[in-house]
Amino acid sequence: MGIITAELAARGLEIPPENAAVVKRVIHTTADFDYAENLRFTPGAVAAGLAAVRGGTIITDTNMALAGITKPGLARLGGQALCFMADPAVAEAAKQAGTTRAVAAMHRAAREHPGAILAIGNAPTALLTIAEEMEAGLRPALVIGVPVGFVNVVESKERLYATCAQYGVPAIVAMGRKGGSNVAAAICNALLYAAAEMLDPKARGWS
């Protein structure tokens, strides 16, 4: 983290203090300093995330992101992380509706966990579904929108961010094509580590 801080300064990149832990955690995960400029935060997004991880629920769009979220951090804060993508009921709902599993999973998240953190690292269709759900009244605690790829990725992020801003929903979005499940997990972990006072690696059991 010291190397990252020094290199950000050398590049002339100034991160608002409230967002620094998230940005640095993503750079630590990816070794990509572009995130210092393409991560966009709605006002108060990090503060909202810190409040929401205390005893709250995180729902991801991939099992990879779910696997990457710190279990000690969740345990310390009394929270939980879930992913519905492999649930047979979600697969059946997607088949019946002629949609993707990501769409069906987000509809389920909206029904069962309306105040959760939604952490999306893979599926643009999940972001579009969240935007539609917000237009219908959903108010997640925080939306993390960081899918990676080329097809509808940029457009879905832009729509999500605009919809979150319109309805006052906290959001952290990686604008452009970059992102991924590892980035979604990194953002969740930055919030968990900060809320659980585990930013020091020694607090996480590292020597």
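**Entry 1: Thr-129.** I began with contacts, meaning heavy atoms within 4.5 Å. Leaving aside its neighbours within four places in sequence, Thr-129 is in contact with Val-103, Met-106 and His-107. This is a predicted model: local features need pLDDT of at least 70, side-chain atom pairs count only at pLDDT 80 or more, and totals for chains, interfaces and linings use all residues. Residues are numbered from 1 along each chain as its sequence is written, and side-chain values use heavy atoms, with hydrogens and water left out.

Is Thr-129 buried or exposed? I looked up the cut-offs: buried means under 20% relative accessible area, exposed over 50%, and partly exposed in between (1.4 Å probe, protein chains only). Thr-129 has 3% relative accessibility, so it counts as buried. Its side chain reaches the backbone oxygen of Thr-125 at 2.8 Å. Thr-129 lies in helix 9. Helices (H or I, at least four residues) and strands (E, at least two) are DSSP runs, numbered from the N terminus.

**Entry 2: the whole chain.** I found 11 helices and six strands in the protein. The radius of gyration, taken over C-alpha atoms, is compared with the globule rule, 2.2 Å times the number of residues to the power 0.38. The protein has 16 Å, close to the 17 Å that the rule gives for 207 residues, so it is as compact as a globular protein of that length. The C-alpha trace spans about 50 × 35 × 25 Å along its principal axes. Buried residues make up 52% of the 207 residues.

Entry 3: In what order do the strands of the open sheet stand? I read 1-6-5-4-2-3 for the six strands, with mixed pairing. Two strands pair if DSSP finds at least two bridges between them. Strand 1 (39-41) and strand 3 (80-83) stand at the edges with a single partner strand each, so one side of each is left without a neighbour in the sheet. Neighbouring strands are turned by 15° against each other on average, direction ignored.

Strand 1 and strand 6 (residues 171-174) run antiparallel and are joined by three bridges. The bridge partner of Leu-39 in strand 6 is Ala-174. Helix 10 (residues 153-167) packs on the sheet and touches strand 1, strand 5 (142-145) and strand 6. The direction of helix 10 makes about 160° with that of strand 6. Axes here are lines fitted to C-alpha atoms, for helices over the stretch in contact, and angles run from 0 to 180 degrees between N-to-C directions.

**Entry 4: strand 5.** Which residues of strand 5 point which way? Leu-142 and Ile-144 point one way, Val-143 and Gly-145 the other, and all are buried. Four bridges join strand 4 to strand 5, and these two run parallel. Ile-117 has Leu-142 as its bridge partner in strand 5. From strand 4 the chain crosses through helix 9 (residues 124-135) to strand 5, and this β-α-β crossover is right-handed. Right-handed means that, with the strands pointing away from the viewer, the path from the first strand over the helix to the second runs clockwise.

Strand 5 also pairs with strand 6, in the parallel sense, over three bridges. Gly-145 has Val-173 as its bridge partner in strand 6. The chain crosses from strand 5 through helix 10 to strand 6, again in a right-handed β-α-β crossover.

Notes
A polar contact is a pair of N or O atoms within 3.5 Å; within protein, one must be able to donate a hydrogen and the other to accept it, and residues adjacent in sequence count only if both atoms are side-chain atoms.
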